[in-house]
Amino acid sequence: MSSNLSVAEENYIKNIYHLQQQAGAVSTNALAAVLHARPASVTDMLKKLKAKKLLQYEPYREFQLSQQGRKTALEIVRKHRL
């Protein structure tokens with residue numbers, strides 16, 4: 001499933017997954033801090049991931065991976081461990 005994602009998308013999903021493990025829901029600012037990115041750039045990517053049904057995201061709220069997003073995140077984490 002994760003083969004149709006860019007490296008950047010995989011990186012976002014992996015980091016959202018790890019933040020979600022720690023805090024439950026994730027904020028744009030928390031993800032931006034981890035990725036050393038601007039919140040506006042993070043928001044753009046969140047919209048793309050939501051369009052791919054990998055994220056439960058509403059503007060100005062915390063977000064989390066969808067069921068498909070969690071499954072994809074686990075595949076990415078496993079692949080990166082190898």
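**Overall fold and helix packing**

Of the 82 residues in the protein chain, 38% count as buried, where buried denotes under 20% relative accessible area, exposed over 50%, and partly exposed in between (1.4 Å probe, protein chains only). The structure is a predicted model, in which local features need pLDDT of at least 70 and side-chain atom pairs count only at pLDDT 80 or more, while totals for chains, interfaces and linings use all residues. Residues are numbered from 1 along each chain as its sequence is written, and side-chain values use heavy atoms, with hydrogens and water left out.

The protein chain contains 4 helices and 2 strands, arranged along the sequence in the pattern α-α-α-β-β-α; helices (H or I, at least four residues) and strands (E, at least two) are DSSP runs numbered from the N terminus. The radius of gyration of the protein chain, 11 Å, is close to the 12 Å that the globule rule gives for 82 residues, so the chain is as compact as a globular protein of that length. This radius is taken over C-alpha atoms, and the rule is 2.2 Å times the number of residues to the power 0.38. The C-alpha trace spans about 35 × 25 × 20 Å along its principal axes. Among contacts (heavy atoms within 4.5 Å) with a separation of 6 or more, 53% are between residues 24 or more positions apart.

Two packed helices are described by the angle between their axes and the distance between the axes. Here, axes are lines fitted to C-alpha atoms, for helices over the stretch in contact, and angles run from 0 to 180 degrees between N-to-C directions. The axes of helix H2 (residues 28-35) and helix H3 (residues 39-51) come within 9 Å and cross at roughly 110°. H2 is therefore roughly perpendicular to H3, a term applied to angles of 65 to 115 degrees (under 35 is roughly parallel, over 145 roughly antiparallel, and the rest oblique). Thr28, Asn29, Leu31 and Ala32 of H2 meet Pro39, Val42, Thr43 and Leu46 of H3. By class, this contact has 5 nonpolar, 3 polar and no charged residues; Ala, Val, Leu, Ile, Met, Phe, Trp, Tyr, Cys and Pro count as nonpolar, Asp, Glu, Lys and Arg as charged, and the others, Gly among them, as polar.

The axes of helix H1 (residues 7-23) and H3 come within 11 Å and cross at roughly 95°, so H1 and H3 are roughly perpendicular to each other. Ala8, Glu9, Tyr12, Ile13 and Ile16 of H1 meet Ser41, Val42, Met45, Leu46 and Leu49 of H3.
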